[in-house]
Amino acid sequence: MVTNITSFGRSGLSDWLIQRVSALILAVYTLFMVGYLLFNPGLDYAAWSGLFSATWMRIFSLLAFVSLAAHAWVGLWTVTTDYLKATALRLAVQIVIILAIFVFLVWGIQVLWGA
């Protein structure tokens, strides 16, 4: 039996829903980006900067970043609870994962909304 100390009180249904909603958001974002790149073959810095200076694109990108963080956490939490049976090791690995996801999320927000 695995001691469940890092689930934050979530249920399997909420994990399932987070995975599906975040996957849908990431799929839409990816399709948009691929479409934008395909329909703008002569893309230069000014056009790229113009796209990401629009508030709607920043919000869309922020939603994608948060979705990626949530999707990664639920997936990696599931893997660690399935395969790491020693509570101390699992907790240590999950803390490293949480810190890495947090750093990447903050970094992405800084790049997106920074000067």
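The lining of the largest pocket comprises 6 nonpolar, 3 polar and 1 charged residues (Ala, Val, Leu, Ile, Met, Phe, Trp, Tyr, Cys and Pro count as nonpolar, Asp, Glu, Lys and Arg as charged, and the others, Gly among them, as polar). The model is a predicted one, in which local features need pLDDT of at least 70, side-chain atom pairs count only at pLDDT 80 or more, and totals for chains, interfaces and linings use all residues. Residues are numbered from 1 along each chain as its sequence is written, and side-chain values use heavy atoms, with hydrogens and water left out.

The volume of the largest pocket is about 210 Å³. Its lining consists of Tyr 45, Trp 48, Ser 49, Phe 52, Ser 53, Arg 58, Phe 65, Gly 108, Val 111 and Leu 112. A pocket here is an open set of points on a 1 Å grid over the protein atoms alone, where a 1.4 Å probe fits, with protein on both sides within 12 Å along at least five of seven lines; lining residues have an atom within 4 Å of a point. Two or more lining residues come from each of helix H2 (45-53), H3 and H4, and H2 gives the most, with 5 residues. Helices are DSSP runs (H or I, at least four residues), numbered from the N terminus.

The second largest pocket holds about 170 Å³ of space. Phe 65, Leu 68, Ala 69, Ala 72, Ile 97, Ala 100, Ile 101, Phe 104, Leu 105 and Gly 108 form its lining. H3 and H4 are the elements that give two or more residues to this lining, and the largest share, 6 residues, is from H4. By class, the lining of the second largest pocket has 9 nonpolar residues, 1 polar and no charged.

How do these two helices meet? The axes of H3 (residues 55-83) and H4 (residues 87-113) come within 10 Å and cross at roughly 170°. The two helices are therefore roughly antiparallel to each other (angles over 145 degrees, on a scale from 0 to 180 between N-to-C directions). In the contact of H3 with H4 there are 17 nonpolar, 5 polar and 2 charged residues.

Thr 80 counts as buried because its relative accessibility is 5% (buried means under 20% relative accessible area, with a 1.4 Å probe and protein chains only). Neighbours within four places in sequence aside, Thr 80 is in contact (heavy atoms within 4.5 Å) with Arg 90, Val 93, Gln 94 and Ile 97.

Technical notes: Parallel < 35°, antiparallel > 145°, perpendicular 65-115°, else oblique. Buried < 20%, exposed > 50% of the residue type's maximum accessible area, 1.4 Å probe, protein only. Points joined across faces, edges and corners; volume = space filled by probe spheres on them.
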